[in-house]
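Please keep the model open while reading.

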Amino acid sequence: MRITALAGGVGGARFLRGLVHHLRAAHPDDRPEIIVIGNTGDDITLFGLRVCPDLDTILYTLGGGVHEGQGWGRVDESHHVAAELAELGATPQWFSLGDKDFATHIFRSQLLARGMPLSAVTAQLADRWGLAEQGVTLLPMTDTPVETHVVVTEGGDQVAIHFQEWWVRHQAALEADRFVVAGLDSAAAAPGVLEAIRSADVVLLPPSNPVVSIGIILGVPGVRDALRGSRAPVVGVSPLVGGRPVRGHADVCLRTIGVDTTSEAVAGLYQDFLDGWLVDPDDPMAQPGRTSRLAVVARPLLMSSVAAAADIAGAALALAQQLAAATGEAEALP
Ligand code: GDP
Ligand code: CA
């Protein structure tokens with residue numbers, strides 16, 4: 001079974017790790033074929049180094065090197081380089097980079113400087129973390145450098161700041177007017193991205209941020225059309241539990257684009273291609289008598305452990321298979 005997933009950072013990575021565990025338990029003799037299309041809108045150049053936070057979170061999480069408590073960065077990390085940079089007065093100092101993490105960014109920047117595309121660099125990093133053995137191929141959404149910026153008002157003027165500055169430094173507390181993704185219009189999907197959607201048996205949307213993770217990937221030219229045209233069922237997982245994002249500021253991002261923080265409104269962002277949707281049992285969409293054009297399944301959605309994430313991934317696949325079977329039957333009718 002060929003599975004293609006769109007993913008941001010922590011929510012995406014934890015779901016994908018659950019997916020790998022689920023498939024290993026359910027089909028121990030088959031190596032899965034999972035293609036992950038990762039968000040690169042969060043990418044930023046710091047100290048001359050190219051940092052790809054969402055791709056790295058996926059690599060570290062699947063590779064067993066992530067700091068579990070944070071959900072990002074490396075476990076057993078030290079911060080000598082950052083401390084020395086601070087002594088030197090180098091800026092910015094609001095973005096935490098550990099020493100092992102620095103090595104990733106140095107290596108990536110070295111290969112990029114030699115002219116290697118980000119997708120090829122990412123493949124080398126994926127080798128380091130053993131993704132192929134898990135049946136996972138990680139593709140950046142595009143090889144073109146793109147950057148999500150946030151338009152905020154400062155001293156009466158509208159200025160665009162990098163997404164990371166808004167998210168990490170200001171904790172999304174600066175009133176945002178809109179998001180602008182520099183370079184996205186003219187970016188091309190990375191090699192294999194559109195094919196991965198077109199040839200998938202199942203497309204999964206992990207509970208990643210619908211605006212600044214999934215929403216950015218959907219803006220890559222051709223991605224949305226490929227999803228619309230996909231014959232494979234597309235099943236998503238709501239990032240909301242108890243009416244709120246589990247972590248991060250997805251609610252602020254949604255408000256900024258004028259969308260309610262409800263699973264129904266988030267599903268609405270995907271309405272032209274989404275077939276199935278997992279929501280938490282206390283979600284309004286789970287209430288008896290609620291009808292929806294979508295196939296909605298209610299089940300606990302907190303990824304509190306790898307096992308919990310695996311169960312959620314299994315439920316997403318089960319729903320996809322149910323939808324595929326229903327379509328197959330419908331097509332078989334005279
Ligand atoms: P980021 O790039 O690190 O912000 O990560 P993502 O975009 O991949 O995921 C962020 C989203 O994941 C947030 O909106 C969270 O609500 C969601 N999320 C995180 N943990 C969980 C969880 O345990 N369950 C669900 N359903 N969503 C989660
Ligand atoms: Ca991110």
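1. On a 1 Å grid over the protein atoms alone, a pocket is an open set of points where a 1.4 Å probe fits, with protein on both sides within 12 Å along at least five of seven lines, and a molecule sits in a pocket if more than half of its atoms lie within 2 Å of its grid points. By this rule, ligand 1 sits in the largest pocket.

2. This is a predicted model, in which local features need pLDDT of at least 70 and side-chain atom pairs count only at pLDDT 80 or more, while totals for chains, interfaces and linings use all residues. Residues are numbered from 1 along each chain, ligands are numbered from 1 in the order in which they are written, and side-chain values use heavy atoms, leaving out hydrogens and water.

3. Around ligand 1 there are 19 residues (each with a heavy atom within 4 Å of the molecule), and Pro207, Ser208, Ser213, Leu301 and Met303 are the closest.

4. A nitrogen atom of ligand 1 lies 2.6 Å from a backbone N or O atom of Leu301, and an oxygen atom of ligand 1 is 2.8 Å from a polar backbone atom of Pro239. Taken alone, ligand 1 exposes 590 Å² (Shrake-Rupley method, 1.4 Å probe), of which the protein buries 92%.

Note on methods. Polar contact = N/O pair within 3.5 Å; in protein donor to acceptor, adjacent residues only side chain to side chain. 1 Å grid on protein atoms, 1.4 Å probe; cavity = no way out; pocket = protein on both sides within 12 Å on 5 of 7 lines; lining within 4 Å.
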